[in-house]
Number of protein chains: 4
Amino acid sequence: MDLVAQYADIMQVGARNMQNFMLLQALGKCGRPVLLRRGMSEAIKELLMSAEYIVAHGNHEVVLFERGIRTFATETRNTCDIAAIPAPNELTHLPVILDPSHATGKRSLVPAVSRAAVAIGADGLLVEVHPAPEKAISDGAQSLDLAQFRAMMKGLEPYIQLWKMSRPLAIRVAAGH
Amino acid sequence: MDLVAQYADIMQVGARNMQNFMLLQALGKCGRPVLLRRGMSEAIKELLMSAEYIVAHGNHEVVLFERGIRTFATETRNTCDIAAIPAPNELTHLPVILDPSHATGKRSLVPAVSRAAVAIGADGLLVEVHPAPEKAISDGAQSLDLAQFRAMMKGLEPYIQLWKMSRPLAIRVAAGH
Amino acid sequence: MDLVAQYADIMQVGARNMQNFMLLQALGKCGRPVLLRRGMSEAIKELLMSAEYIVAHGNHEVVLFERGIRTFATETRNTCDIAAIPAPNELTHLPVILDPSHATGKRSLVPAVSRAAVAIGADGLLVEVHPAPEKAISDGAQSLDLAQFRAMMKGLEPYIQLWKMSRPLAIRVAAGH
Amino acid sequence: MDLVAQYADIMQVGARNMQNFMLLQALGKCGRPVLLRRGMSEAIKELLMSAEYIVAHGNHEVVLFERGIRTFATETRNTCDIAAIPAPNELTHLPVILDPSHATGKRSLVPAVSRAAVAIGADGLLVEVHPAPEKAISDGAQSLDLAQFRAMMKGLEPYIQLWKMSRPLAIRVAAGH
């Protein structure tokens, strides 16, 4: 970890390590922000408890990271638990980002789910892009090529602007005022 | 059914009746549009097959209706399968609408999930509203009062406008062009 | 229903109708025992509440019927929730039976799951048998042919005998004595 | 790991580490048999692929370990996927054992699920026992006390004997002969 932290700007914890508690404790002292991916069958509360391990060991820069959960619904690779983006806001100040690529497993759904994530208030997106997805060693079916990514970002731009403007109202509405 | 169809503008099939095939067949001849709610553990493909029963018996006005699926994630009443809104577009021309109230079970999440639904291209929303949710016989926790509904609609309005403008581009992006 | 009840010894409610409340109420007055199949995503508690509809309308002869639940684990057609056989015993006196055919969807697993069901105290089994499973219109892959069914019953017989003998001890052990 | 392997007779991999591939590779060279717990949302096939990591790195003594999967059915702590005990037999020679304590989370169900496991052909059981479960720091609700464990084993004994005798027939029946 020390070696990686020398070169990486941010540390990402994979879904399968979300409850690797020795790793979480070590990340508490790594001096880098941490992207903490929610495990594929973990509850939001468990994600927060894993984040707590990192915070309790001294690192407050933790980003909660949704990447889809495992359900019976297999038309998409995972089920995008979109309500899990605003839900933690009632419990924590930590930012929440989404990986629409893993959440759907399907290139054609990535721009649509990304729009939903922006509109619901995600603090970020992590999108898989590959210059030649059909040659990707893994995850090609969910990767955008460069032109598709450019088109997606162009389509996303007005939603990002709108969210920035409407955020204060959205927060008041969620609070019931 | 005949009696109801005389007075109702639209017929709604509850999630638990999504595969009540005799009912679906009868709805094929009811002369009213049908809202077909997805069962809580049914695949998108099964929802389409149920719709097919109605269509095959003569009624082409079927609306697919997402209301959340049942998963291990119980922080929300159901899991809002947001990708199931655009996913059927690749298979059918039938419109898809969302019930953000059942999908979350939680009043504070309804406006946020509604924004996501608009941005992802839902053809409609069915939102539970009650003049006094705390006195509702059922589903009070997920119902908005009138002022909250008004505030939500105000917040939603620019997203609806934006979606209307950006829809042609969104369709091209989803198709990979 | 009246017509069916004239000829049938027992009425079976399919999983998709477990919460068809008008049907359940009518079954309360049908004068025949009722096999009530658990819905594929319904909790044990919900199964009991559906049974309550039948009982409350006058019919005490209700059999709870497990047929597998829908989960992410798709190696078998459904997931056999074996603990759901003894679990209701703590809440109700109603008998519980299992359909090992639907619960697994796989002929080769039916005898093994049937042994488990006997040993755990199932009050009955409903097994799919077909003289020529490869020609069955539906559910052939989970159906035994006559010779396989005979072999299975021969293998099951000593487990049935053993359960009959050991039942009183099993009940005491479950109660913690 | 080297230090543990000096003293421990067997190495157990927790469910949350089932896909900790560096750990699996190291276990391939640890010189001790390995109990590999299935992750709470992992498919049987994924469990086998994790076992393959250990085997491919030189350790053939791997035991597949079922401990319940995570589903919507929360009456029990996990859902005991009983068919996952015989199912791998069609794919591998590795033994399969069950933890009825985690699989149910409930003391009163442990003896019943254990009987089912024996009858279905589990190669072993790992049962939580505590001299004073009500004082246990964790997992007390699913732990048997010493007298309960003794009573359970007494009740289990004839099932174990019966399984030993009937195993050859069971294998033939599963193979369809």
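Q: How many bridges join strand 1 of chain B to strand 2 of chain B, and in which sense do they pair?

A: Two strands pair if DSSP finds at least two bridges between them, and here strand 1 and strand 2 (residues 34-37) of chain B pair in the parallel sense over 3 bridges. Helices (H or I, at least four residues) and strands (E, at least two) are DSSP runs, numbered from the N terminus. Within this pair, Val13(B) stands opposite Leu36(B). This is a predicted model, in which local features need pLDDT of at least 70 and side-chain atom pairs count only at pLDDT 80 or more, while totals for chains, interfaces and linings use all residues. Residues are numbered from 1 along each chain as its sequence is written, and chains are lettered from A and ligands numbered from 1 in the order in which they are written.

Q: In what order do the strands of the chain B sheet lie, and which strands stand at the edges?

A: The open sheet of chain B holds 5 strands in the order 1-2-3-4-5, with parallel pairing. Strand 1 (11-13) and strand 5 (124-125) of chain B each have a single partner strand, so one side of each is left without a neighbour in the sheet.

Q: Are the faces of strand 2 of chain C covered or uncovered?

A: A residue is buried if 20 or more other C-beta atoms lie within 10 Å of its own, exposed if 12 or fewer, and partly exposed in between, the C-beta atoms being placed from the backbone. In strand 2 (residues 34-37) of chain C both faces are covered, with Val34(C) and Leu36(C) buried on one side and Leu35(C) and Arg37(C) buried on the other. Strand 2 of chain C runs parallel to strand 1 (residues 11-13) of chain C, to which 3 bridges join it, and Val13(C) stands opposite Leu36(C).

Q: How many residues of helix 5 of chain A are buried, and what do they pack against?

A: Of the 11 residues of helix 5 of chain A, 11 are buried, so this helix is largely enclosed by the rest of the structure. Contact means that two C-beta atoms, placed from the backbone, lie within 7 Å. The buried residues pack against strand 4 (96-98), helix 4 (100-104), strand 5 (124-125) and helix 6 of chain A, together with helix 5 (110-120) and helix 6 of chain B. After helix 5 of chain A comes Gly121(A), whose phi is positive, near 105°.

Q: At what angle do helix 5 of chain A and helix 6 of chain B pack?

A: Axes are lines fitted to C-alpha atoms, for helices over the stretch in contact, and angles run from 0 to 180 degrees between N-to-C directions. Helix 5 (residues 110-120) of chain A and helix 6 (residues 146-174) of chain B pack at about 155°, with their axes 11 Å apart. That makes the two helices roughly antiparallel (angles under 35 degrees count as roughly parallel, over 145 as roughly antiparallel, 65 to 115 as roughly perpendicular and the rest as oblique). Pro111(A), Ala112(A) and Ala119(A) meet Tyr159(B), Ala170(B), Val173(B) and Ala174(B).

Q: How many residues does each of chains A and B bring to their contact?

A: Chain A gives 43 residues and chain B gives 43 residues. On the side of chain A that touches chain B, the largest share, 12 residues, comes from helix 6 of chain A. By class, that side has 27 nonpolar, 11 polar and 5 charged residues.

How values were computed
Nonpolar A, V, L, I, M, F, W, Y, C, P; charged D, E, K, R; others polar.
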